[in-house]
Amino acid sequence: MKKILVTGALGQIGSELVIKMRGIYGTDNVIATDIRTIDSEVITGGPFEILDVTDAEKMFDIAKRHEVDTIIHLAALLSATAEAKPLLAWNLNMGGLVNALEVARELNCKFFTPSSIGAFGPTTPKDQTPQDTIQRPTTMYGVNKVSGELLCDYYYNKFGVDTRGLRFPGLISYATPPGGGTTDYAVDIYYKAIESGSYTSYIDKGTYMDMMYMPDALNAIINLMEADPSKLKHRNSFNVTAMSVEPEMVAEAIRKHIPDFKLDYDVDPVRQRIAESWPNSIDASAAADEWGFKAEYDLERMTEDMLKKLKK
Ligand code: VAH
């Protein structure tokens, strides 16, 4: 990767990935794009362009003008928002993806886009979900993610586009407040632990989901994109995870730092139903075997770092 175009650069992953990649590949070699502008180092710290990913022509123009060799396509609506606006989600998530894949094909770019544990459904084996297994998601987000995985594999097999992807678990970060996800409780809980010493979870006790701290997610993207392609048996997309947790476990880890932290519940039936359709834990051995994936942060280490950074 030498010259990288990032869509959705102001989102939860993009806002940290752009800064990290500029440190590795050079500020001027990472072109951030998003549909909006906000006060962010992503915009003030290097090349930024306004881009609505449903505008194929503008995406092609930006990619060609900057002579990019890699597209990191992150612009998408997450699970809860997609469930509230399914048609908008289909048009944006799939329309944006096919535009980005077409630009990658025409300009011969390497290509990354995230999938998710949301690509699995209620008939998928729930514990230690295998890399290759049944995928019949019951959410629009999951339909988008499975379709996206198939489309990216198609562009690799049919056109030779070097597409690679990761099935991300819930991502936990302190840099941007989360938006529109089902796993966002695991981010909100840390903010509220600092602000008020208590949190009311919309996901029920005992609801296990895979999670990962953002530093591990960023390293996974970069390591996958730099991996030797001859070693990849899979491409779209690799299971990756760092931990399988439910709300009580996160609260327990927080109490090691904030002893009287209180957790109670006001379950949101929509996001609870989404969460229950996803795996309890996924198996990431293919990523470890094919390109050396390894998460560095477990729940304890993540909690310590999140609380330290949020206190600042
Ligand atoms: C969401 N954070 O909740 C995203 C992610 C696995 C969860 O895909 O929609």
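Here is a walk through the ligand's surroundings and then the cysteines of this structure. Keep in mind that the model is predicted.

Let's start with the ligand. Find it in the 3D view and look at what lies around it: L78, S79, S116, I117, Y141, F168, P169, G170, G181, T182, T183 and W278. Sorted by class, this shell holds six nonpolar residues, six polar ones and no charged ones. The space that the ligand takes up is the largest pocket.

Now zoom in on some of the side chains. S79 has a side-chain N or O atom 2.6 Å from an oxygen atom of the ligand. Y141 also places a polar side-chain atom 2.6 Å from a ligand oxygen. For S116, the distance from a polar side-chain atom to an oxygen of the ligand is 2.9 Å. How much of the ligand's accessible area does the protein cover? On its own, the ligand has 270 Å² of accessible area, and the protein covers 95% of that.

A disulfide is a covalent bond that joins the sulfur atoms of two cysteines. To count here, the two sulfurs have to be within 2.5 Å. How many disulfides does that give? The count is zero. Take C109: its closest cysteine sulfur belongs to C152 and is 14 Å away, so the two are too far apart for a bond. Looking from the other end, C152 is in no disulfide either, and its nearest cysteine sulfur is that of C109.

Are these two cysteines buried or exposed? C109 counts as buried because its relative accessibility is 2%. C152 is buried too, with a relative accessible area of 2%.

Technical notes. Residues are numbered from 1 along each chain as its sequence is written. This is a predicted model: local features need pLDDT of at least 70, side-chain atom pairs count only at pLDDT 80 or more; totals for chains, interfaces and linings use all residues. Side-chain values use heavy atoms; hydrogens and water are left out. Buried means under 20% relative accessible area, exposed over 50%, partly exposed in between (1.4 Å probe, protein chains only). A residue is near a molecule or strand if one of its heavy atoms lies within 4 Å of it. A polar contact is a pair of N or O atoms within 3.5 Å; within protein, one must be able to donate a hydrogen and the other to accept it, and residues adjacent in sequence count only if both atoms are side-chain atoms. Accessible areas come from the Shrake-Rupley method with a 1.4 Å probe; for residues, only the protein chains shown count as cover. On a 1 Å grid over the protein atoms alone, a cavity is a set of points where a 1.4 Å probe fits but cannot get out, and a pocket is an open set with protein on both sides within 12 Å along at least five of seven lines; lining residues have an atom within 4 Å of a point. A molecule sits in a cavity or pocket if more than half of its atoms lie within 2 Å of its grid points. Ala, Val, Leu, Ile, Met, Phe, Trp, Tyr, Cys and Pro count as nonpolar, Asp, Glu, Lys and Arg as charged, and the others, Gly among them, as polar.
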